[in-house]
Amino acid sequence: MPDLCVIEGDGIGREVIPAAVSVLRAAVSELHILPAEAGWECFQHRGVSVPPETLQAVRGCRAALFGAVSSPSHKVEGYRSAILTLRQELDLYANLRPVRSLPRLSPRSDVDLLIVRENTEGLYSGRERLEGDTAVAERVITRRASTRIGRAACELARSCGVTRLTIVHKANILPLTDGLFRDSVREVVRETGVESGGISVDELLVDTAANQLVSQPQRFGVLVTTNLFGDILSDLAAHWCGGMGLAPSLNLGEGIALAEPVHGSAPDIAGKGIANPIATVLSAALLVRHAWKQPHIADRIESAVRSALECDLPVVEGSLAPDLTTDAVTRAILARLM
């Protein structure tokens with residue numbers, strides 16, 4: 001019986017998470033749900049964005065589904081982003097961002113790529129300080145983190161059946177940090193012999209990778225890169241699956257995983273019942289596939305989403321109809337899942 005820690009978070013997280021849970025309950029037998037809290041509103045009420053009991057609950061379940069988090073645009077004493085806290089405290093070192101064309105919503109039909117992002121260090125290490133009138137942020141790249149994200153990318157490239165693995169960096173400008181990242185991943189490529197399995201391995205500078213993700217995304221298979229670069233490139237690539245509001249993701253660690261839709265808490269529509277739950281449902285499918293190792297169930301969930309988009313849900317000029325409710329989308333997916 002799978003255990004799942006459910007964290008609705010802020011804003012529309014309270015609407016899209018119950019929708020995804022209903023889909024999971026229909027697809028996964030004897031699912032046990034453990035609710036927990038985290039986010040900006042949690043911080044406002046309790047003085048901490050991720051309470052210790054939430055971390056304990058995720059560790060106990062080994063799997064979590066997280067909705068959305070609001071964050072202040074200015075520094076608030078004592079506050080740290082809930083999702084960054086979860087990633088670092090739980091050592092969720094790999095962020096998986098698949099980008100796959102969706103029926104009737106994607107600008108093109110031939111995109112199927114995966115961005116594998118190092119998730120614990122880089123410029124998101126939290127090492128910022130003021131030196132008089134100068135603000136300094138330290139970019140931390142370690143051989144350990146670079147090696148293990150390289151190993152994850154090689155394993156995923158093999159399991160996904162792609163023919164191309166691309167290492168993305170900026171070693172021409174950052175020879176020590178990005179040079180260490182690139183060389184560490186290259187060493188893993190050699191050790192694992194991934195190229196002997198029919199997968200070509202190449203490198204791109206991050207600006208060139210961004211250009212090619214815009215101009216020829218269908219050429220990519222798996223891309224592996226550092227934290228900030230992966231954050232930006234995956235948001236850019238999400239255009240090809242219909243936008244960030246439809247983009248799923250999964251944070252993976254050793255024997256632990258946390259799924260989260262890419263979109264934010266969308267306070268402008270929170271509580272109106274019109275939040276699109278598709279990104280959350282697809283994130284849940286990633287959890288089923290990679291954490292619970294049940295690819296046949298993940299396939300069923302993803303197929304139900306695609307069938308609902310192809311046949312049941314109204315689309316206006318490449319987007320879901322603006323008055324479509326969360327409940328209507330959920331019911332359409334459930335109907336295709338049965």
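Colleague: What makes Trp-40 count as buried or exposed?

Modeller: This is a predicted model, and in it Trp-40 has a relative accessible area of 18%. The cut-off for buried is under 20%. Trp-40 is therefore buried.

Colleague: And what makes Tyr-79 buried?

Modeller: The relative accessible area of Tyr-79 is 14%. That also falls under 20%, so Tyr-79 is buried.

Colleague: How many aromatic pairs are there in the model?

Modeller: The ring centres have to lie within 6.5 Å, and by this rule there are three aromatic pairs. One of them joins Trp-40 and Tyr-79, with 5.0 Å between the ring centres.

Colleague: Why is the pair of Trp-40 and Tyr-79 called edge-to-face?

Modeller: The planes of the two rings stand at 90 degrees. Planes over 60 degrees apart count as edge-to-face, so the name applies to Trp-40 and Tyr-79. The two residues come from distant parts of the chain, 39 residues apart. Trp-40 belongs to helix α2, residues 40-46, whereas Tyr-79 is in the loop between β3 and α4.

Colleague: What is the geometry of the pair formed by Phe-43 and Tyr-79?

Modeller: The centres are 5.1 Å apart and the planes make 75 degrees. This angle is again over 60, and the pair is edge-to-face. Phe-43 is in helix α2, 36 residues from Tyr-79 in the loop. Both Phe-43 and Tyr-79 are buried. Together, Trp-40, Phe-43 and Tyr-79 make up one aromatic cluster.

Colleague: How do you know that Arg-108 sits over the ring of Trp-240?

Modeller: Arg-108 is 5.8 Å from the centre of that ring and lies over its face. The distance limit is 6 Å, and 5.8 Å is inside it. Arg-139 is a second case: its charged end is over the ring of Phe-229, at 5.4 Å from the centre.

Colleague: How do you know whether Cys-61 and Cys-154 are buried or exposed?

Modeller: Cys-61 has 12% relative accessibility, and Cys-154 has 1%. With the cut-off for buried at under 20%, Cys-61 is buried, and Cys-154 is buried as well.

Colleague: What makes helix α4 mostly covered?

Modeller: Helix α4 spans residues 82-89, and six of its eight residues are buried. These are Ala-82, Ile-83, Leu-84, Thr-85, Leu-86 and Arg-87. They pack against several elements, including α3 (52-61), β3 (63-68) and β4 (94-100). After the helix comes Asp-91, which has a positive phi near 55 degrees.

Colleague: Why is Thr-85 counted among the buried ones?

Modeller: Thr-85 has a relative accessible area of 14%, which is under the 20% limit; therefore Thr-85 is buried. Apart from its neighbours within four places in sequence, Thr-85 is in contact with Ser-49, Val-50, Arg-80 and Leu-90.

Colleague: What makes β2 and β9 edge strands?

Modeller: They belong to an open sheet of ten strands with mixed pairing, in the order β2-β1-β3-β12-β11-β4-β5-β10-β8-β9. Strand β2 (32-36) and strand β9 (200-205) each pair on one side only, as an edge strand does. On average, neighbouring strands of the sheet are turned by 25 degrees against each other, direction ignored.

Colleague: How do you know that β4 and β5 pair?

Modeller: Pairing requires at least two bridges. Strands β4 and β5 run antiparallel and are joined by seven bridges, so they count as paired. In one of these bridges, Val-99 has Leu-113 in β5 as its partner.

Colleague: What makes β6 and β7 a pair?

Modeller: Strand β6 (residues 128-131) and strand β7 (residues 134-137) share four bridges in the antiparallel sense, against the required at least two. Arg-129 stands opposite Val-136 in β7. The hairpin has two residues between the strands, and Gly-132 takes a positive phi near 65 degrees.

Conventions: Residues are numbered from 1 along each chain as its sequence is written. This is a predicted model: local features need pLDDT of at least 70, side-chain atom pairs count only at pLDDT 80 or more; totals for chains, interfaces and linings use all residues. Side-chain values use heavy atoms; hydrogens and water are left out. Buried means under 20% relative accessible area, exposed over 50%, partly exposed in between (1.4 Å probe, protein chains only). Contact means heavy atoms within 4.5 Å. Rings of Phe, Tyr and Trp (its six-membered ring) pair if their centres lie within 6.5 Å; planes under 30 degrees apart count as stacked, over 60 as edge-to-face and the rest as tilted. A charge sits over a ring if NZ of Lys or CZ of Arg is within 6 Å of the ring centre and within 35 degrees of the ring normal. Axes are lines fitted to C-alpha atoms, for helices over the stretch in contact, and angles run from 0 to 180 degrees between N-to-C directions.
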